[in-house]
Amino acid sequence: PPPRNSKTAAPARAEPHLPVLDLPELSALEFVSPPPPPNPRLAAIIAAVKMGEMDVFLSPIVALQSHQVSHYDVTVRLKSPHGGYLDNAEQDLQLAGSDVLALFDTARLKRAAILAQRLDAHNKSGSLLSAISGPSITNAEFLETFARVFEERDRISNQLVLTFSQADLEQFSPSAWQALSDMHAFGFRFALSKIDHVDMDFAALAKRGFAFLRLEASALTHGLPARDRFVEANELCQLLAGAGMTLVADTI
């Protein structure tokens with residue numbers, strides 16, 4: 001007999017029978033987010049670089065005292081497939097990756113070399129300041145082209161001045177500095193541009209081969225910030241002139 005005061009367990013209820021659904025097997029690819037929509041401008045810029053659709057402009061740099069052309073600025077502008085130019089293309093090329101950026105810099109290097117030879121043919125003296133992006137200085141294809149250009153005409157080391165931005169310089173790796181050192185050993189000089197502060201050892205840069213400082217005209221009239229203070233224009237010019245580099249006023 002059941003124990004006293006115990007309750008008899010109630011029989012379990014039968015659950016209603018549920019149909020079994022066969023779920024389809026989904027591959028991993030079906031869970032991948034769709035690719036972002038293409039950037040037409042970036043695609044046009046990359047195509048222009050790969051097809052060599054670009055024009056080269058040579059701008060004179062005039063000495064302040066003599067009013068004579070002393071050096072030249074080389075500018076390469078990519079051409080749009082619909083006519084006109086793709087302005088500020090270098091900012092977009094940063095998104096395309098270092099290989100495309102190096103391809104653009106290689107094209108700029110080749111065209112600057114041609115201009116240097118033409119200046120010689122017309123007995124024109126002066127340096128050619130040509131911009132280059134920091135990552136390209138360690139790119140194998142760019143370095144191979146650079147070596148070939150120098151082998152074909154070693155006088156170019158006295159004409160071509162590679163120009164780097166301050167931001168790129170601050171991110172240089174030891175291998176990038178070594179590449180610059182090797183170039184300087186063959187007589188090449190460099191320029192620093194897009195300077196937005198003076199927390200750098202400019203005298204040390206001069207010893208590494210930096211011969212030019214390109215400053216915005218506004219910086220020469222208003223000054224630039226330092227780490228803990230603002231350097232007024234007069235002090236700024238004295239500071240930079242003491243480093244032993246030639247000052248070039250940009251965007252006048």
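Helices (H or I, at least four residues) and strands (E, at least two) are DSSP runs, numbered from the N terminus. This is a predicted model, in which local features need pLDDT of at least 70, side-chain atom pairs count only at pLDDT 80 or more, and totals for chains, interfaces and linings use all residues. Residues are numbered from 1 along each chain as its sequence is written, and side-chain values use heavy atoms, with hydrogens and water left out.

**The sheet**

Strands of a sheet pair through backbone hydrogen bonds, either parallel or antiparallel. Here, two strands pair if DSSP finds at least two bridges between them. Seven strands form an open sheet in the order E1-E2-E3-E4-E5-E6-E9, and the pairing is mixed. Its edge strands are E1 (54-62) and E9, each of which pairs on one side only. From one strand to the next, the twist averages 30°. Axes for such angles are lines fitted to C-alpha atoms, for helices over the stretch in contact, and angles run from 0 to 180 degrees between N-to-C directions.

E1 and E2 run antiparallel and are joined by nine bridges. One of the residue pairs is Val56 with its bridge partner Val76 in E2.

Now move to E6. Strand E5 (residues 189-193) pairs with E6 in the parallel sense over three bridges. Ala191 has Phe212 in E6 as its bridge partner.

How buried is strand E6? Buried means under 20% relative accessible area, exposed over 50%, and partly exposed in between (1.4 Å probe, protein chains only). Six of the seven residues of E6 (residues 210-216) are buried, so the strand is largely enclosed by the rest of the structure.

**Helices and a loop**

Helix H6 (residues 174-185) lies across E4, E5 and E6 and runs at about 135° to E5.

Ala233, Leu236 and Leu240 are buried. Seen down the axis of H9, the buried residues fall within an arc of 55°, so they line one face of the helix. The arc is that of the directions from the helix axis to the C-beta atoms. The face turned away from the buried side carries the exposed residues Asn234, Gln238 and Gly242. An α-helix has 3.6 residues a turn, so residues three or four places apart point the same way. The buried residues of H9 pack against H7, E6, helix H8 (217-222), strand E7 (224-225), strand E8 (230-231) and E9. Contact means heavy atoms within 4.5 Å. Just after H9, Gly244 takes a positive phi of about 90°.

Arg153 sits in the loop between helix H4 (140-152) and strand E4 (160-165). Arg153 counts as buried, at 16% relative accessibility. Leaving aside residues up to four places away in sequence, Arg153 touches Ala116, Gln117, Asp120 and Gln159.

**Salt bridges**

Side chains of opposite charge can pair when their charged atoms come close. A salt bridge is a side-chain nitrogen of Lys or Arg within 4 Å of a carboxyl oxygen of Asp or Glu. The whole structure holds ten salt bridges. Among them are these:

| Pair | N to O distance |
|---|---|
| Arg41 and Asp92 | 3.0 Å |
| Arg214 and Asp73 | 2.9 Å |
| Asp87 and Arg77 | 2.6 Å |

Which parts does the Arg214 and Asp73 pair tie together? Arg214 lies in strand E6 and Asp73 in strand E2 (residues 69-78), so the pair ties together parts that are 141 residues apart in sequence. Both Arg214 and Asp73 are buried. Asp73, Arg214 and Asp250 are linked in a network of salt bridges.

The Arg41 salt bridge is with Asp92. Arg41 lies in helix H1 (residues 40-51) and Asp92 in helix H2 (residues 89-96), so this pair ties together parts that are 51 residues apart in sequence. Arg41 is partly exposed at 32% relative accessibility, whereas Asp92 is buried at 15%.

Asp87 forms its salt bridge with Arg77. Asp87 is in the loop between E2 and H2 and Arg77 is in strand E2, ten residues apart. Asp87 is partly exposed, with a relative accessible area of 41%. Arg77 is partly exposed too, at 29%.
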